[in-house]
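Subject: Structure handover

Hello,

Here is the structure I said I would pass on. My notes on what turned up follow below it.

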Amino acid sequence: MASIESRRGVGRIIAIVVLIAITVVYMIPLFYIVNTAFRPWNVIKEYPPRLLYKPSIASFLRIFTSRTVYAPGTAPSAEQLAAMKWYERIIYEETNEAVVRTGDLPVRYLNSVIICVVSTALTVVLGTLAAYGFSRFKVKGKDDLLFFILSTRMLPPVVVVIPIFLMFRFVRLTDTHLGLVLLYTAFNVSFAVWVLKGFIDEIPTEYEEAAMVDGYTRFQVFRKIVLPQATTGIAATAVFCFIFAWNEYAFAFLLSRKVAQTVPAWLPYQMGVLGYDWGAAAAGTFLFLLPAMIFTIILRKHLVRGISFGAIRK
């Protein structure tokens with residue numbers, strides 16, 4: 001008996017060590033991004049790379065600004081330097097650049113937030129309604145319809161991006177928020193239907209039947225009984241749909257240029273006057289990761305379905 005317990009203890013230790021090792025490996029890219037974002041301009045270009053350095057926020061300031069290099073012999077005087085704003089002085093001291101205007105990151109960030117939030121909300125609403133219909137009603141050709149819905153996710157975006165571009169150009173939806181919202185919603189609905197149907201299938205129908213006997217309408221049953229029981233599945237679906245829309249690159253790159261361009265399509269092309277600004281790119285990437293991380297952390301308890309699969313078992 002003691003040997004069995006000791007083996008179990010060793011097994012737990014090994015499992016913990018393996019999990020820690022996997023976590024460390026997955027955290028390496030994030031560490032590299034954060035490390036590069038806080039490196040000064042001259043330290044980023046050093047080889048071999050320096051381990052110890054004085055952190056700088058200049059990369060974060062550069063990603064929010066558009067700049068130009070001072071021409072030889074035109075360095076600012078002591079009075080001009082004193083009149084500079086604090087962030088302009090930090091940028092000048094590190095890269096000898098003058099701030100021309102505010103950069104495009106705030107606008108691109110706002111585009112990403114609007115498109116992702118609206119498309120995720122539409123996806124969850126449509127996916128929940130469709131999943132409830134497939135779960136509770138006898139739909140003719142249900143299996144074929146479910147397979148057709150799933151088949152929309154079988155092809156990678158790069159395969160269908162050209163036909164979609166031609167269709168969007170014909171209906172004048174290129175470079176519009178509405179176009180990307182509709183596209184992301186269409187691609188995520190299939191995922192939402194399949195995931196949410198599994199959650200709703202596990203909600204006992206007896207509760208709904210009892211409620212309708214008491215005079216509840218079908219919509220009242222759906223709103224007051226099904227939705228509270230399916231909260232876990234809805235939250236988990238929302239997280240995955242948001243992450244897909246937030247990180248999507250192929251459609252955003254081809255279907256947007258200026259008005260509706262999102263951060264993933266804009267960030268890789270930040271070529272500065274001094275060459276590609278790796279520090280600013282890392283800072284922008286770190287800021288881009290924050291909303292998805294925060295959204296996931298807020299809904300983290302819903303991502304683990306547990307023994308009951310997020311619903312009450314019969």
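**Cysteines**

Cys241 is buried, with a relative accessible area of 0%. Please keep in mind that this is a predicted model. The closest cysteine sulfur to that of Cys241 belongs to Cys116, 11 Å away, which is too far for a bond. A disulfide would need the two sulfur atoms within 2.5 Å. A search of the whole structure finds zero disulfides. Cys116 is accordingly in no disulfide. Cys116 is buried as well, at 2% relative accessible area.

**Salt bridges**

How many salt bridges does the structure hold? The count is eight. Three of them are described here.

Glu94 and Arg62 pair through their side chains, at 3.1 Å from N to O. Glu94 sits in helix H5 (residues 86-95) and Arg62 in helix H3 (residues 58-63), so this bridge ties together parts that are 32 residues apart in sequence. Arg62 counts as buried, because its relative accessibility is 2%.

Glu97 and Arg67 form another salt bridge, at 2.9 Å from N to O. Here the partners are in strands: Glu97 in E2 (residues 97-102) and Arg67 in E1 (residues 65-69), so the pair joins parts 30 residues apart in sequence. Are these two residues buried or exposed? Both Glu97 and Arg67 are buried.

These two pairs also belong to something wider. Arg62, Arg67, Glu94, Glu97 and Asp277 are linked in a network of salt bridges.

Next comes the bridge between Arg136 and Glu208, at 2.7 Å from N to O. Arg136 lies in helix H6 (residues 105-136) and Glu208 in helix H10 (residues 205-213), so the contact ties together parts that are 72 residues apart in sequence. Arg136 has 17% relative accessibility and counts as buried, because the cut-off is under 20%. Glu208 is buried too, with a relative accessible area of 2%.

**Surface patch**

Which residues make the nonpolar surface patch? They are Val10, Ile14, Val18, Leu19, Ile22 and Tyr26. The patch covers about 620 Å². One of its members, Val18, lies in helix H1 (residues 2-37). Val18 counts as partly exposed, because its relative accessibility is 42%, and that class runs between 20% and 50%.

Best regards

Technical notes
Residues numbered from 1 in each chain as written. Predicted model: local features only at pLDDT ≥ 70, side-chain atom pairs only at ≥ 80, totals over all residues. Heavy atoms only, no water. Patch = residues over 30% accessible without salt bridge, like charges linked within 9 Å, V, L, I, M, F, W, Y side chains within 5 Å. Areas by Shrake-Rupley, 256 points an atom, 1.4 Å probe, with all protein chains shown as cover. Salt bridge = Lys/Arg side-chain N within 4 Å of Asp/Glu carboxyl O. Helix = DSSP H or I, 4+ residues; strand = E, 2+ residues; numbered from the N terminus. Buried < 20%, exposed > 50% of the residue type's maximum accessible area, 1.4 Å probe, protein only.
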